[in-house]
Amino acid sequence: MFKIVRRRDLNPTVIMMDIEAPLVANKAKAGQFIILRVDEEGERIPLTVAGTNKKEGTVEIIFQVVGASTLLLAHKQVGDYLQDFVGPLGEPSEVEGFNKVCVIGGGAGCAIALPVARALHENGAKVTSIVGFRNKDLVILEDEFKEVSDEYILMSDDGSAGTKGLVTNALEELLKKGEKFDRVICIGPLIMMKFVCLLTKKYNIKTVVSMNPIMIDGTGMCGCCRLTVGGKVKFACVDGPDFDGHEVDFDEAINRNKMYRDFERKKYEETCNLFKKEVK
Amino acid sequence: MPAKFNMRPDKNKMPSQDPKERAKNFKEVALGYTEELALDEANRCLHCPKPLCVEGCPVSIDIPNFIAKIKEKDYEGAYQIIHKSSSLPAVCGRVCPQESQCESKCVRGKGPNREPVGIGRLERFVADWHMNNSTEKAVKPQSNGHKIAIVGAGPSGLTCAGDLAKLGYEVSVFEALHKAGGVLVYGIPEFRLPKVIVQKEVENLIDLGVKVYTDTVIGRTITIDELFEQGFEAVFVGSGAGLPKFMGIKGENLNGVYSANEFLTRTNLMKAYTEDSETPIAHSKVVAVVGGGNVAMDAARCALRLGAEVHIIYRRDIEEMPARKEEIHHAQEEGIIFDTLNNPVEVLGDENGHVCGVKVIKMQLGEPDASGRRRPVPVEGSEYVLPIDCLIMALGTSPNPLIKKTTKGLETNDHGCIIAKEETGETSRVGVYAGGDAVTGAATVILAMGAGKKAAKAIDEYIKSKNK
């Protein structure tokens, strides 16, 4: 069992937790993920490691409530225990040897983009962070990003925070001004990563994306998380989750993520009703 | 011992759930011998002076003597004899391919229309008797102070752990998933091997003093080198076969196309067949399973129980299927359709990116190939479309790459299998042993157990010689 030692609600649906898991904390690097189960009957949920505290032996996770399992997780408080917490899984992100990197985060994806930005910063790279949200209420980790970025650009769909527009607008503007990046690292919704990659391909800048397909075991056994990258089948759990964004078949990935949408919606509603009953 | 043997040519039939009934539930298919049937079957054993059956057993169970104990109605005595050689008797009695092992050597099976003694069924009877009646717990032997680490709580790892624990070693088993058992819990379905039986076998090992750490991925959470730093003197790697193979045909990544591993893991480990499971699975109308091994049969029979019409697509003839005859027979009884001498060439999708059909070509048998089986060759112009809404690929797996990636000096072959000596499990790294599917590629539970057993013996000899 793994204890929740800290909890902070970043916005109404995005929650940060520190979990006591010394072995994982000792090993986890930026870009890797863990799998947790809330209880004995729970689903295996993959979440990217947002940070670690080796001294304390804790691992920070940030998740958005999107379905039944994350809703259950969101109801856990400091002092509660999680049934399972395993990792670190996947290959760490490449963060060494860069001069100037643009890190792009979208929505809850910023939670994953932040540790990568931090690791790049610690390795001496100049970091430009472009983050995008739907509106001001959803903005997360602003201070944390600023701390590790040489430049921080905030975008929102409705203009209620930072500049109105998409992350691609901000990136294109920088590139048009002649800004040079060794690499773009982009983490967020699939559709956003797709369009960032289309843009950077035009400018011929290598772009790495972090893929989050549906997973079960996360250790290279079930093949559920397969993607087509450069025309070949790759498994996000052992070959990734980072891939060359110019090689990823995003349309296929977008389709595969929809596989259980109806089931997930039904389960989510059931779980919502369950909690409503408890409140009564 | 009775004066007269039972000389009937055929073995006692296994009582089973009615095929029509069981096609709709996940309860165990084979119900097990009653005491009466077991005694009658035991009497078919002639107690050959040179028992060939033992030679056919990968873990060399003393078969004639455990059967002799059944005849005496000393079922606990029979269990103790099996337990000396096998750490998982209730599992082996159910999933071993006895027809190609112990029973294939039995003299009672020689000649037309003659069947061997039902050794597997008797083993299961004894193991189940012990589970239901014995209150004696296994006792942890006096410790010899030496620590051994086992990677993977599947059949080879659990066997190796059990054998070493019995010798007094301090054994720790590290398992990546949240449950111990490996393929016994994620792969083999409930109706063939109830999970409570696996659980009990694991508990037996814990009683013997074995420590089981779930949620620990060796190679990631802890590396093999770190295990040595922590004071483990030897490591056995039984990490299993992992990455599923696909055919490389168009449309394989459409929604509704599963690897057998995924379909079975969702169904078995995550219990997606139960109504309140949090883990989803496709409840399809028509499912095609590609492949002819035991895994293909398991996946097909799970899909059937989830309510689908199921086709098995296999490129050779039914006689050449690598699955156990019993499994094929069970699948046929349950109404699974065998489209043999057929091979998929393309998966077709609908406008929502979901599989809606599979284009199949008919095959015919040509000249024998390297395996000695006649090579299937496509019949030109024979393509047709089978409308389906789910496709399961059961084409085998290649070993998990994690250990290889993270362990320096551990040699593997071109397929990614760890290179280990067959008789001892020794690898290219001193103190590191390996066995099971991680070495052989996808094979059977009992072969993995045999490898775990041999490695346990070799590890014991290694530790003794090291500490002389």
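Is B:Asp298 buried or exposed? In this predicted model, B:Asp298 is buried, with a relative accessible area of 3% (buried means under 20% relative accessible area, exposed over 50%, partly exposed in between, with a 1.4 Å probe and protein chains only). Residues are numbered from 1 along each chain as its sequence is written, and chains are lettered from A and ligands numbered from 1 in the order in which they are written. Local features need pLDDT of at least 70, side-chain atom pairs count only at pLDDT 80 or more, totals for chains, interfaces and linings use all residues, and side-chain values use heavy atoms, with hydrogens and water left out.

B:Asp298 has a partner in B:Arg192: the two form a salt bridge, with the closest N and O atoms 2.7 Å apart (a side-chain nitrogen of Lys or Arg within 4 Å of a carboxyl oxygen of Asp or Glu). B:Asp298 lies in helix H14 and B:Arg192 in the loop between helices H10 and H11 of chain B, so the pair ties together parts that are 106 residues apart in sequence. B:Arg192 is buried too, at 11%. Both belong to a network of salt bridges that also includes B:Arg301 and B:Glu326.

Being 4 residues apart in H13, they are separated by about one helical turn.

Methods: Helices (H or I, at least four residues) and strands (E, at least two) are DSSP runs, numbered from the N terminus.
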